[in-house]
Amino acid sequence: MNAITQLPPEWHDWIRENLARGCAPQALIDDMVRNRFDPIFARAAVNGVMTNSGPMTAPFEEKPKAAAGYAYEKPRLPAGNLIRTSDRDVRIVTRVHRPMIAVLDGVLSEEECDELIRLSANKMHRSTTVDPISGKHEVIADRSSEGTFFAVNADPFIARLDRRISEVMDWPVENGEGLQVLHYNVGGEYKPHFDYFPPDEPGSHVQMTIGGQRVSTLVMYLNEVAEGGTTIFPEIGLEVVPKKGSAVYFEYTNSYNQLDRLTLHGGSPVTRGEKWIVTKWMRQRRYGETAASAT
């Protein structure tokens, strides 16, 4: 008989109620396995309920009363016109408050942009995205780019960038996924999508077992794109034109685990030239840490 890999509503309620009673997550996972749930799925399901019910969220300075939809809180991005990091000043060019989006100038130097492209050029592979059912990384037609990853603090150069990016995003280095470099040729695009893991998709719970939900994104531009290749936010009509060394920042998960659907975004087709970007995603907890180990 096949193991169960879907979570019925009554089991979701059972997990939530038992967590509220103080039951150990591992005990719930064991009970689910005894009831024919797939072990990996059971762990992902328990972590998903924990993540979406509040106890595993990172602290914020303010916690306003939650409103219907998405409750906007004090942004993690530092206030003011300038962000002073340990080795570089970054200027805030544009802010949008709802959703929280900012265009930043001077996140990377021209030399750093060139070095990231040089380090990436010979190890690119077709880009993948998370399958909504399995949680595995799959190639899809909506994402026509090639890419590669650099582990956090992979070498002194990457470590310097990881530290600076952490200071810009005001979130711990260890909560970040590794830098992802992407390359788009003419016609390359990434159709509108969310960076967070939709909680109603089984595959999301698999991803959230390691670090929880994503909370914010920084997309940095590594070259000047001749034409096209903009970052679009269709829900609010915003379009960010790539500029070498600049970036667009946005956050979408608050302290109530609400998700901001206004951060739907995509990469418009490159119509002339090519486009290179590097992306950093931040998680609620240390990336690679499971919910069970965090308790």
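**Charged side chains up close**

Mentor: Leaving aside its neighbours within four places in sequence, lysine 243 is in contact (heavy atoms within 4.5 Å) with Asp105, Tyr221, Asn223 and Glu224. Before we go on, note that this is a predicted model, where local features need pLDDT of at least 70, side-chain atom pairs count only at pLDDT 80 or more, and totals for chains, interfaces and linings use all residues. Residues are numbered from 1 along each chain as its sequence is written, and side-chain values use heavy atoms, with hydrogens and water left out.

Now back to lysine 243, which sits in the loop between strand 13 (238-240) and strand 14 (247-251). Strands (E, at least two residues) and helices (H or I, at least four) are DSSP runs, numbered from the N terminus. Lysine 243 has a relative accessible area of 40%, so it counts as partly exposed; buried means under 20%, exposed means over 50%, and partly exposed is in between (1.4 Å probe, protein chains only).

Next, the pairs. Side chains of opposite charge can pair when their charged atoms come close. A salt bridge is a side-chain nitrogen of Lys or Arg within 4 Å of a carboxyl oxygen of Asp or Glu, and the structure holds 16 of them.

Start with helix 1 (residues 9-20), where aspartate 13 and arginine 16 lie three residues apart, about one turn of the helix. Their side chains meet in a salt bridge at 3.2 Å, N to O. Aspartate 13 is partly exposed at 32% relative accessibility, and arginine 16 is partly exposed at 38%.

Helix 5 (residues 156-169) holds another pair, glutamate 167 and arginine 163, four residues apart, about one turn of the helix. Here the salt bridge spans 3.3 Å, N to O. Glutamate 167 is partly exposed, with a relative accessible area of 25%, and arginine 163 is partly exposed at 48%.

Then look at arginine 84 and aspartate 89, whose side chains form a salt bridge at 2.7 Å, N to O. Arginine 84 is exposed, with a relative accessible area of 63%, whereas aspartate 89 is partly exposed at 39%.

Finally, find Asp87, Glu112, Arg160 and Arg164 in your view: salt bridges link these residues in a network.
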